[in-house]
Amino acid sequence: MQQHFNYSLKEYNTFGFDASCDRICFIEQEEDLEDLLPIQESVFILGGGSNVLFAKDISKVILKPTMSEILVIEENDDWLIVQVGAGKVWHEFVEWCVNNNYGGVENLSFIPGTVGAAPIQNIGAYGVELEQIFVGLHAYQLSSGNKEYFTKEVCAFGYRDSIFKQKLKGKYLVTDVQFKLTKHNHTLEYSYKPLQEFISASNQEPSVKGISEAVISIRQSKLPDPKEIGNAGSFFKNPIVDKSVFEKIKESHPNVPSYPVNETKVKIPAAWLIDQLGWKGHTVGDVGVHKKHALVLVNYGEGKGTDIVVLAKKITTSVKEKFQINLEREVQLVL
Ligand code: EPU
């Protein structure tokens, strides 16, 4: 296990904020955890740093898993179950699936982050959420050092949510995740409008590879690349509101987009709400709201985590005043 003290996290968060931590431990294998745990100090587990906001220096021990092996643990003629190390870069795993024509994760192409972080917030995009292909995961309890297996039911997945963001927040370190993938007769999902349009314009039969390519192209066209402009993807979750709230907005804004959730609730895109208030492209110092997508807050280079906190607060206040809707952060604020 490699460890460093008073270490800069600039390279380890996609906003590119220069916060430092007391100690960082790179967990290269499970034996490292067996040496380290149980741990009494305050710990933060870091994946790809693509969903975190470091607002100041962190007086915590950062644990960063780097195990990245892909193991086939069960298979037949139709499907296979793979177990993937938590440190594997998510899109590298997707590429492995697409190159082997294994179906299930193609809609989740190009999402930044690591495999171990993916179930924590049940990543989702273009009509697919991780829970649909998730089988189980192994995780170590930090306070005891015990290794446990979590089934899908126990993980209690929701929209950008799981037990690891609720009751078990900060208590476990995921070491590997298991997924079930199809070998043929793939269930291809392309009902999301821009994806459908892209697929029909390509004049090709939809395929695992075709969907992956389409998703990459759509994401690249509207979401900024963190290597060029610091950002953490969607900063807020799409709010789920009562239908009555939605109907009220519709009276003054007939074109308000929405996705049905159940009989009484609908999801309204936070990007649309923020966009209505003219925030898109707004900059304050070296941070701002991206010019192509109102849900993405950006660091143009020299911004600070606290600048993003202030900007986010202004946005949530204005959305609350205008639409009576509380926006919740999707990005995790680390203090
Ligand atoms: N919209 C605006 N203004 C904008 C951007 C979008 O009005 O600046 C409108 C669009 O016209 C559309 C609606 O908002 O009607 C939704 O926009 P989009 O399709 O871009 O999706 P989103 O709801 O903003 C969610 C996820 C994304 C995921 C996409 C595609 C959340 C919080 N975000 O965004 O996930 O890629 O759907 O499935 O659920 C992420 O989590 O980091 C992320 C990028």
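A polar contact here is a pair of N or O atoms within 3.5 Å; within protein, one must be able to donate a hydrogen and the other to accept it, and residues adjacent in sequence count only if both atoms are side-chain atoms. The model is predicted, with local features needing pLDDT of at least 70 and side-chain atom pairs pLDDT 80 or more, while totals for chains, interfaces and linings take in all residues. Numbering runs from 1 along each chain as its sequence is written, and side-chain values use heavy atoms, leaving out hydrogens and water.

On to the ligand. One of its oxygen atoms sits 2.8 Å from an N or O atom in the side chain of N238, and an oxygen is 3.0 Å from a side-chain N or O atom of K280. On its own the ligand has 820 Å² of accessible area (Shrake-Rupley method, 1.4 Å probe), and the protein covers 81% of that.

The shell around the ligand (residues with a heavy atom within 4 Å) holds 24 residues, with Y126, Y159, Y192, D275 and H293 the closest. Its largest share, three residues, comes from α7.

As for packing, the largest nonpolar core has 41 residues, and W90, F93, L137, F179 and L181 touch the most other members. Such a core is a set of buried Ala, Val, Leu, Ile, Met, Phe, Trp, Tyr and Cys residues joined through side-chain atoms within 4.5 Å, buried being under 20% relative accessible area (1.4 Å probe, protein chains only). A second, separate core of 32 residues includes F17, A232, I249 and L297.

Definitions and conventions. Buried < 20%, exposed > 50% of the residue type's maximum accessible area, 1.4 Å probe, protein only. Helix = DSSP H or I, 4+ residues; strand = E, 2+ residues; numbered from the N terminus.
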